[in-house]
Amino acid sequence: MHALVFIKQVPDASQVRVNYETGTIIREGVPAILNPFEAHAVEEAVRLRSKYGGKVTVLTMGPPQATEALKECLSRGADKAYLLSNRIFAGSDTLATSYALFEGAKKIIELEGEVDLFFAGKQAIDGDTAQTGPGIATRFDIPLVTYLIKLDEVDFEEKRAVATRLTEFGQETLQVPLPAFFTVEETLNELSHSPLPWLIKAARAKFEKLSGENVKLDSEQCGLKHSPTRVKKAFTPEKRQRGETLTGSTEELVFKTSDILMPFLKKDLQHGQND
Amino acid sequence: MGKTIDFTEKELDEISSYKNIWVFIEQTGGVAHPVSFELLTKARELAKQLDCQVGSVAIGRSVSHLADDVFRFGADKFYIVEDEIFKDYRTEPFRDTLSDLVRKFKPEIFLIGATTQGRDLSGTVATELKTGLTADTTKQEIDPETGMLLMTRPTFGGSLMATIICPKHRPQMSTVRPGVFKAIPVEHPEKGEIIRGKTDLTEDKIVKKILKKVVSSEGNINLGFYDVIVAGGKGMGSKDHFNMIKELAELLGGTWAGSRKAVESGYAPQSRQVGQTGQTVHAKLYIACGISGAIQHLVGMQTSAVIISVNTDQNAPIFDVSTYCIVEDAIRFIPKLIGELKKQKLTAVSYEH
Ligand SMILES: Cc1cc2nc3c(=O)[nH]c(=O)nc-3n(C[C@H](O)[C@H](O)[C@H](O)COP(=O)(O)OP(=O)(O)OC[C@H]3O[C@@H](n4cnc5c(N)ncnc54)[C@H](O)[C@@H]3O)c2cc1C
């Protein structure tokens, strides 16, 4: 079994700064974490490995600082971590990102062998777009299973998987041939504690580097300049003002609140009578 | 920023070959998702500014019966592809069929609901078409100078808003969460044109098979439908105490909801969660009981017209977005309020008889 997990290092949302010149986020200097959904993706891949043998590879695209998240993946049991870095990626939107990761993944297949299962989080908590995974799956032209909550069955002989995903109305269970692409929910599994050897391995880890030097990249599809979408303007949302603090005894507060609610109560009564 | 974007002659030709605004009519088992009509209403407003038409597109086993509703909410055209293979939503056949329609009819703007299905579909269609996609937009406007679509969306869990454009690629695609826009039928609906498409796909060419579907017992609730929402948080203390949340909601003709911690504590199902990883609501009245007001919660409710909050902590961040702040123990306060409202209701009824 070979699982490839796409992971993203995301800035801690509470410490965001913005480059108003380019309208992009400044990631440098902001504490970074592994996108929470992807911790579960790595966990699932590692569990598959302990059952079926094989290996788990992780890949991220980002600046050289993005190695913290890769380290966490290794401590969670991944075998090898790849960092895809290149200046020309700066400012990539989701289309350009899925292109770069697609090329990076092809290189990993060349180096590490065919991949049976691709994983990613259902979305990244910084951008929240949920587009990169579906984008990569489309580029590989393999089946996509989003919002994965359970891998019911994986059959490496028959090369197929049975998987359950969330839908708008509940759940559905699908059968797909492998390789397939899964984006995962947090409820897919519970994270395990890392055994000491994994932690040691992560601390000493060396990362495999991918860049324009060893990956064939079409610069016409990379970075800000070749991203279809642009940030025209970034701004902090208008804050509401704190309104009136009601004062008085509990009884007085009940009367005051009930007065405020009267229009809604009356409307409800009218409804009732018209029915 | 502020920089003008240069276009080549060829780029301009390409762009001007795209016209009209499309809305994806999401349906399951022949029932349209309400977000489709919310988007049609928005599309109508944008189309007026661009002086173009509104197209709608549905794919399914049987979707023709949706035509009346689609026209009632302002579509000029309804593109339909019906086939047995579309009985259930599956990414790949929907992606390929929809991408083909877009290549053929070239809409300038394409709006899709940011539902589980819409998010699954839009990312693959945009990649297939190699165009830009802006997810979860909360505002859509036409730039009067350039005629481009300005798509505004929250990022970083709502701490930052970004206005996105897609200057050189068409269609300009974006998804919108249910409940962000209101669905308003047109006053004098006209019968639009129905255009039927065909598919070459056959079941044997589709590798993904659906084995089982389970509709959750809680069902699917669209909080965006309701004018009044009473929401409870971790501060309600127990699932039993949520009964007062439900009762108050019912008295006010609304529905009830919860924060993520309320969901995690088992007080409310995930389908009723408000916020970044739940639903977005724009209620006329939002009552928050025992909710602290974390940014991830606020992004889901802070555009409500009137917000009333009950919290024991006078410095709870929820108060910073509240119209009325009540510093009280909700577990004691809400039952008293319910009692008073019931009394008022009785008096009101006896008056009218
Ligand atoms: C990626 C991510 C996504 C998230 N998405 C969401 C989301 O979609 N929706 C969401 O809600 N949260 C979300 N959260 C979680 C969010 O950060 C908060 O943890 C959560 O909203 C807190 O819920 P709460 O207000 O019910 O609980 P708490 O923060 O624990 O607040 C409880 C409040 O109740 C008050 N209280 C206690 N007792 C009483 C009483 N007797 N009467 C009145 N008040 C009382 C307390 O003063 C306190 O203010 C997300 C977090 C992350 C990291």
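This is a predicted model: local features need pLDDT of at least 70, side-chain atom pairs count only at pLDDT 80 or more; totals for chains, interfaces and linings use all residues.

Colleague: Why is Cys52(B) called buried?

Modeller: Buried means under 20% relative accessible area. Cys52(B) has 18% relative accessibility, so the label buried applies.

Colleague: And what makes Cys166(B) buried?

Modeller: The cut-off is again 20%. Cys166(B) has a relative accessible area of 1%, so it counts as buried.

Colleague: Now a threonine. Where is Thr94(A) found, and why is it called buried?

Modeller: Thr94(A) is in helix 3 of chain A. Its relative accessibility is 19%. Buried means under 20%, so Thr94(A) counts as buried.

Colleague: Which residues does Thr94(A) contact, leaving aside its neighbours within four places in sequence?

Modeller: They are Thr129(A), Gln131(A), Thr132(A) and Leu133(B). Take Gln131(A). It is 37 residues from Thr94(A) along the chain, and the two C-alpha atoms are separated by 6.4 Å.

Colleague: What makes the pair Thr94(A) and Gln131(A) a polar contact?

Modeller: The limit for a polar contact is 3.5 Å between N or O atoms. The side chains of Thr94(A) and Gln131(A) are joined at 2.6 Å. That value is within the limit, so the pair is called a polar contact.

Colleague: On to chain B. Where does Asn311(B) lie, and why is it called buried?

Modeller: Asn311(B) lies in the loop between strand 17 (306-310) and strand 18 (324-326) of chain B. Its relative accessibility is 9%. The cut-off is under 20%, so Asn311(B) counts as buried. Not counting residues up to four places away in sequence, Asn311(B) touches several residues, including Gly290(B), Ser292(B), Phe319(B) and Glu328(B).

Colleague: What does the side chain of Asn311(B) reach?

Modeller: It reaches the backbone oxygen of Ile291(B), at 3.1 Å. A polar contact must be within 3.5 Å, so this distance passes.

Colleague: Next, the two chains together. How many residues of chain A are in contact with chain B?

Modeller: There are 76, and they are in contact with 93 residues of chain B. The area buried between the chains is about 7,400 Å², and carbon and sulfur atoms give 59% of it. Glu168(A), Phe169(A) and Arg240(A) supply 11% of the area that chain A buries against chain B, more than any other three residues.

Colleague: Why is the pair Lys336(B) and Glu251(A) called a salt bridge?

Modeller: A salt bridge needs a side-chain nitrogen of Lys or Arg within 4 Å of a carboxyl oxygen of Asp or Glu. For Lys336(B) and Glu251(A), the N to O distance is 3.8 Å. That is within 4 Å, so the pair is a salt bridge. Between chain A and chain B the count is five salt bridges. The count of residue pairs in polar contact is 21.

Colleague: Which helix gives the largest share of the side of chain A that touches chain B?

Modeller: Helix 6 of chain A does, with 16 residues.

Colleague: Last, the domains. What are the domains of chain B, and how many salt bridges are counted between them?

Modeller: Chain B is divided into domain 1 (9-205) and domain 2 (223-352). Their centres, taken over C-alpha atoms, are 34 Å apart. The count between them is zero salt bridges.

Colleague: Then how do you know that the two domains of chain B touch?

Modeller: Contact means heavy atoms within 4.5 Å. By that rule, eight residues of domain 1 of chain B are in contact with 11 residues of domain 2 of chain B. The area buried between these domains is about 780 Å². Four residue pairs across their interface are in polar contact.

Key: Residues are numbered from 1 along each chain as its sequence is written. Chains are lettered from A and ligands numbered from 1 in the order in which they are written. Side-chain values use heavy atoms; hydrogens and water are left out. Buried means under 20% relative accessible area, exposed over 50%, partly exposed in between (1.4 Å probe, protein chains only). Buried area is the accessible area (1.4 Å probe) that two parts lose on being put together, summed over both. A polar contact is a pair of N or O atoms within 3.5 Å; within protein, one must be able to donate a hydrogen and the other to accept it, and residues adjacent in sequence count only if both atoms are side-chain atoms. Helices (H or I, at least four residues) and strands (E, at least two) are DSSP runs, numbered from the N terminus. Domain bounds come from an automatic or database domain assignment.
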